[in-house]
Amino acid sequence: MTDARSYALAAFAAAVEPWIGTLRAVHGKLQGEPELLARLTDKGASFEGRRQQFLELLPASASEDCRNFLFTLMERGDLGQLAAVVDWLGAMASGGPQARMAIVTTAYPLDDAERRRFVATLEQTHGADVGVSFAVDPAIVGGAVVRIGDRIVDGSVRTRLEAIDGALAGGG
């Protein structure tokens with residue numbers, strides 16, 4: 001007999017699939033055009049102008065809720081997190097919200113060798129069953145931020161600079 005959780009996971013996976021398809025399509029377009037991503041996340045440009053440009057990227061099948069979600073990511077400058085969002089949704093659809101997923105955020109895209117080193121280190125410290133997703137956020141300046149569940153290891157240059165600034169401002 002199938003338990004209720006299995007049915008719930010199947011229903012969740014079916015419900016989230018259209019979103020995953022839309023988010024993957026948008027991510028694919030943005031990944032191929034980094035200058036477009038920079039324009040869309042430029043908070044100095046008008047939101048309405050960016051919104052109109054972004055609408056052209058969206059598949060016609062994108063639901064209003066999914067479009068609004070993407071507009072929120074754009075407005076907050078978080079479109080660089082799109083790949084990680086897709087990975088999380090996929091992990092949740094296949095194994096539920098408690099699926100173990102590590103999100104590695106760096107200031108620039110990593111090459112394959114760098115990604116393999118991160119995966120190997122995370123598998124060594126957290127087990128081979130941990131999924132790894134990579135995201136880009138230029139605001140962290142350098143280094144990396146790794147999130148696994150509710151644990152965050154912040155080795156970003158931005159955080160170190162903020163700590164130095166706080167120490168200098170506090171006179172210590």
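V104 stands opposite F134 in strand 2, in a model that is predicted. Strand 1 (residues 101–106) and strand 2 pair in the parallel sense over 6 bridges; two strands count as paired if DSSP finds at least two bridges between them. The chain crosses from strand 1 through helix 6 to strand 2, and this β-α-β crossover is right-handed, a term for a path from the first strand over the helix to the second that runs clockwise with the strands pointing away from the viewer. Helices (H or I, at least four residues) and strands (E, at least two) are DSSP runs, numbered from the N terminus.

**Basis of the values**

- Residues are numbered from 1 along each chain as its sequence is written, and side-chain values use heavy atoms, with hydrogens and water left out.
- In this predicted model, local features need pLDDT of at least 70 and side-chain atom pairs count only at pLDDT 80 or more, while totals for chains, interfaces and linings use all residues.

**Overall architecture**

- The protein comprises 7 helices and 4 strands.
- From the N terminus on, its elements run α-α-α-α-α-β-α-β-β-β-α.
- Along the principal axes, the C-alpha atoms of the protein fill a box of roughly 65 × 45 × 35 Å.
- Of the 172 residues in the protein, 30% are buried (buried means under 20% relative accessible area, exposed over 50%, partly exposed in between, with a 1.4 Å probe and protein chains only).
- Among contacts (heavy atoms within 4.5 Å) between residues at least 6 apart in sequence, 65% join residues at least 24 apart.

**Further strand pairing**

- Strand 1 and strand 3 run antiparallel and are joined by 5 bridges.
- In this pairing, I103 stands opposite R147 in strand 3.
- Strand 3 (residues 144–148) is mostly covered, with 4 of its 5 residues buried.
- Strand 3 and strand 4 (residues 151–154) also run antiparallel, joined by 4 bridges.
- The bridge partner of V145 in strand 4 is D154.

**Helix 6**

- Helix 6 has 15 residues and reaches 21 Å from its first C-alpha to its last, close to the 21 Å expected at 1.5 Å a residue; the expected span is 1.5 Å times one less than the number of residues.
- D111 caps the N-terminal end of helix 6, with a side-chain oxygen 3.1 Å from the backbone nitrogen of A113.
- G127, whose phi is positive, near 100°, follows helix 6.

**Aromatic pairs**

- The structure holds 3 aromatic pairs; rings of Phe, Tyr and Trp (its six-membered ring) pair if their centres lie within 6.5 Å, and planes under 30 degrees apart count as stacked, over 60 as edge-to-face and the rest as tilted.
- One of these is the edge-to-face pair of F118 and F134, at 6.3 Å centre to centre with 75° between the planes.
- This pair links distant parts of the chain, with F118 in helix 6 (residues 112–126) and F134 in strand 2 (residues 131–136), 16 residues apart.
- F118 is partly exposed, with a relative accessible area of 25%, whereas F134 is buried at 12%.

**Two buried residues**

- A135 is found in strand 2 and counts as buried at 2% relative accessibility.
- Not counting residues up to four places away in sequence, A135 touches G80, Q81, A84, I103, V104, T105 and T106.
- The C-alpha atoms of A135 and D154, 19 residues apart along the chain, are separated by 14 Å.
- T22 lies in helix 1 (residues 4–32) and counts as buried at 4% relative accessibility.
- Leaving aside neighbours within four places in sequence, T22 is in contact with P59, A62, C66 and L70.

Conventions. Polar contact = N/O pair within 3.5 Å; in protein donor to acceptor, adjacent residues only side chain to side chain.
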